[in-house]
Amino acid sequence: MSAFKKYETYFFAMLGVAFFYNAYRYPLQINSSATSPTYSDTPFALQAGKYAIFAALLVSMLVNFLDLRKLEKQHYWYLSAFLYLNLAPVAYGLALGNVHLIEAGFFATIPVVLLVGCPGVIDYRRASQLLHWSLLVYLAFNAFQVAMALLFGRMPALAHPGTTSIRFGSVLDDPNSFAILLPLFTGYAVIFYSGVWRLLILASLVLSLLLSQSLTAIGSICLAMVLLYGSAVRKFFCDHLCVILVTFAMTLSLMWIFRGSIADVAQQKSGSVVGPLEAFAVR
């Protein structure tokens, strides 16, 4: 492959920061003491580091790629959207001390910058290689965390020893963020792998999804599959009705056998469900 173009360098650098910056969490056992009995809180400097890197990349991209003289009228709306969607949440977040608002500003910024200042193309082979190696690293690291938990009792961040609430989040050591990436990895695996290799990767991704214990991710992925592949799902159901019914009966039987553990998981997960629902309460 030829050398990276400048635009590709920025793009892959942002993906690299997003995928691997938080890799310090698991070895250092720092994340949030509020959700982990064994981890300490991440120092502010480490939390702010990824935002500083993203900000430097975004500013550099704007300086290098945005040519106001060549912008069409419609692009000024994109630029205005960039300034508002980035600066307003970040300003409010800094004023209120709310990290979620600051994150929202950065999330809104990146696609707009890529849209406004798009001077070239990204080699899909490089993007494929990035996803390929990232996927393998994530799966391998998740397997390593599971092995460490089973063999030595080394817990990940969102884990309560002695209970079924042990959630694995791979490199990010955050099962909810890991669950967000899993649909991306799954779609990539379906397209770029084949044969036994595809089967093994998909099985590992499904297992990783279950080990994350992210009910939101599990439900949304299942719903998306039904909506996107409705006709294929119906055909598969009709062609394999007996197998599906047997599988369903076995699943119900296993749920009945392990109903105690399932009840414990449901009780432990109730707090994470009730908390967000309070945002809809009228006071």
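## Ground rules

The model is predicted, so local features need pLDDT of at least 70 and side-chain atom pairs count only at pLDDT 80 or more, while totals for chains, interfaces and linings use all residues. Residues are numbered from 1 along each chain as its sequence is written, and side-chain values use heavy atoms, with hydrogens and water left out.

## Aromatic pairs

Let's start with the rings. Rings of Phe, Tyr and Trp (its six-membered ring) pair if their centres lie within 6.5 Å; planes under 30 degrees apart are stacked, over 60 edge-to-face, and the rest tilted. That rule gives 13 aromatic pairs. One of them joins Phe19 and Phe185: it's tilted, at 6.1 Å centre to centre with 55 degrees between the planes. This pair links distant parts of the chain, with Phe19 in helix H1 and Phe185 in helix H7 (residues 175–192), 166 residues apart. Helices here are DSSP runs (H or I, at least four residues), numbered from the N terminus. Both Phe19 and Phe185 are buried, meaning under 20% relative accessible area, with exposed being over 50% and partly exposed in between (1.4 Å probe, protein chains only).

Then there's Tyr138 with Phe178, a stacked pair at 5.8 Å centre to centre and 25 degrees between the planes. Tyr138 sits in helix H6 and Phe178 in helix H7, so the pair ties together parts 40 residues apart in sequence. Tyr138 counts as buried at 0% relative accessibility, and Phe178 does too, at 1%. Ring pairs link Phe19, Phe20, Tyr138, Phe178 and Phe185 into a cluster.

## A charge over a ring

The charged end of Arg154 sits over the ring of Tyr26, 3.9 Å from its centre. To qualify, NZ of Lys or CZ of Arg must be within 6 Å of the ring centre and within 35 degrees of the ring normal.

## A buried loop asparagine

Asn22 is in the loop between helix H1 (6–20) and helix H2 (25–28). Leaving out residues up to four places away in sequence, Asn22 touches Lys50, Val171 and Leu172, where contact means heavy atoms within 4.5 Å.

## Out on the surface

What makes up the nonpolar surface patch of about 420 Å²? It is made by Leu150, Leu151 and Phe152. Patch residues have over 30% relative accessible area and no salt bridge; nonpolar side chains (Val, Leu, Ile, Met, Phe, Trp, Tyr) are joined within 5 Å, like charges within 9 Å. The areas come from the Shrake-Rupley method with a 1.4 Å probe, and a salt bridge is a side-chain nitrogen of Lys or Arg within 4 Å of a carboxyl oxygen of Asp or Glu. Leu150 is found in helix H6 (residues 124–152) and counts as exposed, at 70% relative accessibility.

Terms used. Helices (H or I, at least four residues) and strands (E, at least two) are DSSP runs, numbered from the N terminus.
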